[in-house]
Amino acid sequence: MTLPTKVSEQRPPVILSLAFRPFFLAASLWSALALTLWIDLFLTGEALPSRFDPLNWHIHEMLFGFVLAAIAGFILTAIPNWTGRTPICGKPLALLVILWLLGRIVCLESAHIPFWIGASIDLAFPFALCAVATYQIIAARNWRNLAMPIPIAVLGVADLAMYLEIAGFAVPPGLGWRLGLAAIIVLISAVASRIIPNFTRNWLLKRGITELPAAHGLIDRIALGILHAGVIGWALLPTFAPFGTLLLIAALLNSLRLVRWRWAATLTEPLLAVLQLGYLWICVGSGLLGASLLTNAIPEAAAVHAFTAGAIGTMVLAIMTRVSRGHTGRPLEADYVTILIYLIVNVAAATRIAAAFAVGSSALLLKTSAVLWVAGFVLFAISHWRMLVAPRLA
């Protein structure tokens with residue numbers, strides 16, 4: 001007679017039951033901690049026990065630490081919905097989390113670690129995540145989503161480029177972080193193009209509203225194609241002026257998409273409105289980056305932070321709050337704390353962009369932006385902690 005298996009052997013801990021739980025928590029906490037450390041380094045002038053200088057460490061950890069953790073939580077939670085396959089959970093999920101955490105430790109202490117050992121440990125996570133996502137999609141023959149892991153692979157290549165640059169290899173200056181940023185913008189714009197009109201359509205239909213978002217068509221494909229060509233082109237050739245014109249066109253066409261998605265109709269529903277706002281930041285970032293390539297009046301830093309603090313910060317929080325509620329059995333409604341989180345991080349983004357223009361008061365604006373950013377992500381971690389570590393509501 002076969003003895004019954006213990007429940008503890010059948011089910012993983014709640015925190016390891018779905019990828020959004022550990023990775024969203026890790027993303028929020030690391031975002032706050034890494035930025036706090038960076039501001040301290042900025043104010044004191046101290047160095048890190050890292051091969052990266054403080055600025056490049058900050059850039060690296062926000063792109064390949066914070067954002068990549070949020071991407072992992074989203075994509076590994078979404079793939080079972082796309083494919084019908086069993087979610088990655090338990091020990092395999094724990095291994096991915098450990099790889100991510102080791103990458104953060106190694107990058108911080110890389111001056112004390114042989115170069116190739118440290119780089120290999122850090123690079124293990126993005127390529128492992130890409131491999132897991134690709135395997136799950138191919139195993140389910142879900143060809144429609146086969147392109148989704150590509151930006152993750154590009155992030156791995158971009159991370160490698162940052163390591164090669166600090167090691168003295170002939171890598172164009174800044175190629176790694178620019179390519180990483182471009183890959184993230186490509187990914188979030190592609191995901192947003194699916195979920196924003198779909199979520200908006202469903203929400204409007206429930207309220208009996210017949211004026212729905214326009215169906216995905218030629219204008220959407222052109223707008224996305226030009227945006228992706230513009231940011232990838234800038235990543236590879238950051239001073240090539242024609243990409244500026246391309247990015248300005250992308251800003252206009254993607255702003256038109258927001259109108260076609262009925263953005264104004266979602267203003268009374270914060271969980272939807274924040275997604276539209278996140279996409280608006282992509283348009284702003286594209287416009288500023290395009291203008292910075294065509295005129296010296298617009299600093300590149302303003303455009304970069306419109307993409308990072310604005311678009312990425314807003315979209316990450318929008319996805320994390322929505323997924324956390326939906327997958328834990330809670331109503332898809334934003335409470336006052338969630339609305340406050342959205343507000344704080346968007347003010348942080350606007351303040352950081354202003355710092356790029358205000359030369360005389362840039363230090364004060366930088367500190368203000370950092371404090372707001374840290375407050376927003378700490379507030380997310382505190383307010384969503386129980387959702388992420390406790391069992392799903394019945």
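1. A word on terms to start: contact means heavy atoms within 4.5 Å. Helices here are DSSP runs of H or I with at least four residues, strands are runs of E with at least two, and both are numbered from the N terminus. With that in hand, here is a friendly walk through the model.

2. Please keep in mind that this is a predicted model, in which local features need pLDDT of at least 70 and side-chain atom pairs count only at pLDDT 80 or more, while totals for chains, interfaces and linings use all residues. Residues are numbered from 1 along each chain as its sequence is written, and side-chain values use heavy atoms, with hydrogens and water left out.

3. What covers its buried residues? The cover includes helix 2, helix 3 (54-83), helix 11 and helix 12 (336-357). Buried means under 20% relative accessible area, exposed means over 50%, and partly exposed lies in between (1.4 Å probe, protein chains only). Among the buried residues of helix 13 are Leu366, Trp373, Phe377, Phe380 and His384.

4. The 28 residues of helix 13 should span 40 Å at 1.5 Å a residue, and its end C-alpha atoms are 39 Å apart, which agrees. The expected span of a helix is 1.5 Å times one less than its number of residues. Helix 13 also bends, by about 45° at Ser383; the bend at a residue is the angle between axes fitted to the seven residues ending there and the seven starting there.

5. Leaving aside residues up to four places away in sequence, Ser369 touches Ala348, Thr351 and Arg352.

6. Next, look at helix 2 (residues 20-44) and helix 11 (residues 300-326), which pack at an angle of about 145° with their axes 11 Å apart. The axes are lines fitted to C-alpha atoms, for helices over the stretch in contact, and angles run from 0 to 180 degrees between N-to-C directions. The crossing of helix 2 and helix 11 is left-handed: a crossing is left-handed if the near helix is turned anticlockwise from the far one by less than a right angle, and right-handed if clockwise.

7. Which residues meet where helix 2 and helix 11 pack? Phe20, Phe24, Ala27 and Ser28 of helix 2 meet Ile319, Met320, Val323 and Ser324 of helix 11. By class, this contact has six nonpolar, two polar and no charged residues. Ala, Val, Leu, Ile, Met, Phe, Trp, Tyr, Cys and Pro count as nonpolar, Asp, Glu, Lys and Arg as charged, and the others, Gly among them, as polar.

8. Helix 11 has 27 residues and reaches 37 Å from its first C-alpha to its last, close to the 39 Å expected at 1.5 Å a residue. A kink of about 25° is centred on Ala306. Because 23 of its 27 residues are buried, helix 11 is largely enclosed by the rest of the structure.

9. Helix 2 has 25 residues that should span 36 Å at 1.5 Å a residue, and its end C-alpha atoms are 35 Å apart, which agrees. Just after helix 2, Gly45 takes a positive phi of about 75°. Within helix 2 lies Ser31, which is buried at a relative accessible area of 0%. Not counting residues up to four places away in sequence, Ser31 touches Met62, Phe66, Trp373 and Phe377.

10. Gly244, in helix 9 (residues 242-260), has a relative accessible area of 0% and is buried. Beyond residues up to four places away in sequence, Gly244 touches Gly290, Leu293 and Leu294. Asp159, in helix 6, is buried at 1%; with that sequence limit again, Asp159 touches His60, Phe64, Asp122, Leu123 and Pro126.

11. Finally, two loop arginines are worth checking by eye. Most residues other than glycine have a negative phi. Arg141, in the loop between helix 5 (115-139) and helix 6 (150-166), has a positive phi of about 55° although it is not a glycine. Arg262, in the loop between helix 9 and helix 10 (270-294), has a positive phi near 60°. Are these arginines buried or exposed? Arg141 is exposed, with a relative accessible area of 63%, whereas Arg262 counts as partly exposed at 24%.
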